[in-house]
Amino acid sequence: MDLRAELMVGEYHLRTLTLDDAELLVEATAAEQAPAAWGPRPAGPYTLDDAVTALRAWAPGSAGRASIGVFDGDRLVGAIGLMPDGPSSAELGYWVRPEYRGRGIAWRCVAALADWARRAVALDRIWLEIDPTNAASSRVAKRAGFQLEGRLAGHCRSWTHDDPALDSWHDCDIWVHSDAA
């Protein structure tokens, strides 16, 4: 599955991130203190080593997933992760740097990338996992053309401990791109 993307969404340029973007990722996460969705630490700030490690892990072809950067000119303002979980299905995750939140960047870019993935990668199912208490993320999903499919009780890990047995788990809402609902 080729997950290299390049598209424009209004004034924002979306393209697959590479190792060459490590310093941009460090700069983009400098003010971030929100918890990461898939790890035991905040989503930032990243050191250069953190950025290189993350970009290696998300390199298309290495783990079957990709991170698509959202650029405002030369500035990285967000990222969208595409994580295939089957031959024609993928989970999508997104992040926008704190000072760019609330501008509609997430929903517009998520909608555009979901449409691109459906056409260019032939994905039939594109879905999101959202903590039900994250109202802002649920609004992004709805505006981006996703529909609430259901809730999985105790499905999502809180990532407060490295050991899953010591961690807490919470419900997750599953949102599916409307063409796949």
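## Basis of the model

The expected span of a helix is 1.5 Å times one less than its number of residues, and helices (H or I, at least four residues) and strands (E, at least two) are DSSP runs, numbered from the N terminus. The structure described here is a predicted model, in which local features need pLDDT of at least 70, side-chain atom pairs count only at pLDDT 80 or more, and totals for chains, interfaces and linings use all residues. Residues are numbered from 1 along each chain as its sequence is written, and side-chain values use heavy atoms, with hydrogens and water left out.

Helix α3, which covers residues 105-120, has 16 residues and reaches 22 Å from its first C-alpha to its last, close to the 22 Å expected at 1.5 Å a residue. Cys109 counts as buried because its relative accessibility is 2%.

Helix α3 is followed by Ala122, which lies in the loop between α3 and β6 (125-130). Ala122 has a positive phi of about 60° although it is not a glycine, and this residue is partly exposed, with a relative accessible area of 47%.

## The cavity

A cavity is defined on a 1 Å grid over the protein atoms alone, as a set of points where a 1.4 Å probe fits but cannot get out, and lining residues have an atom within 4 Å of a point. Grid points are joined across faces, edges and corners, and a volume is the space filled by probe spheres set on the points. A search of the whole structure finds 1 cavity of 30 Å³ or more, and about 40 Å³ of space lies in the largest cavity.

The largest cavity is lined by Val70, Gly78, Ala79, Ile80, Tyr94, Trp95, Val96, Ile105, Ala106, Cys109 and Val110. At least two residues of this lining come from each of β4 (75-86), β5 (89-96) and α3, and α3 gives the most, with 4 residues. Ala, Val, Leu, Ile, Met, Phe, Trp, Tyr, Cys and Pro count as nonpolar, Asp, Glu, Lys and Arg as charged, and the others, Gly among them, as polar; by these classes the lining has 10 nonpolar, 1 polar and no charged residues.

## The disulfide

A search of the whole structure finds 1 disulfide, which joins Cys156 to Cys172 with an S to S distance of 1.4 Å. The pair links distant parts of the chain, with Cys156 in strand β7 (residues 146-157) and Cys172 in strand β8 (residues 169-177), 16 residues apart. The link of Cys156 and Cys172 is left-handed, with -135° about the S-S bond, and both Cys156 and Cys172 are buried.

Contact means heavy atoms within 4.5 Å. Leu25 is found in helix α1 (residues 22-28) and is buried, with a relative accessible area of 9%. Leaving aside its neighbours within four places in sequence, Leu25 is in contact with Tyr46, Ala51, Ala54, Leu55 and Leu76. Ala54, in turn, has its place in helix α2 (residues 48-57) and is buried, at a relative accessible area of 17%; not counting residues up to four places away in sequence, Ala54 touches Leu25 and Tyr46.

Ser138 is found in helix α4 (residues 135-143), where Ser138 is buried, with a relative accessible area of 15%. When residues up to four places away in sequence are not counted, Ser138 touches Ile130 and Trp175.

## A loop residue, Glu11

Glu11 lies in the loop between β1 (6-9) and β2 (12-16), and at 47% relative accessibility Glu11 counts as partly exposed. Apart from its neighbours within four places in sequence, Glu11 is in contact with Phe71 and Arg108. The C-alpha atoms of Glu11 and Phe71 are separated by 8.6 Å, although the two residues are 60 residues apart along the chain.

Key
A disulfide is a pair of cysteine sulfur atoms within 2.5 Å. Buried means under 20% relative accessible area, exposed over 50%, partly exposed in between (1.4 Å probe, protein chains only). On a 1 Å grid over the protein atoms alone, a cavity is a set of points where a 1.4 Å probe fits but cannot get out, and a pocket is an open set with protein on both sides within 12 Å along at least five of seven lines; lining residues have an atom within 4 Å of a point.
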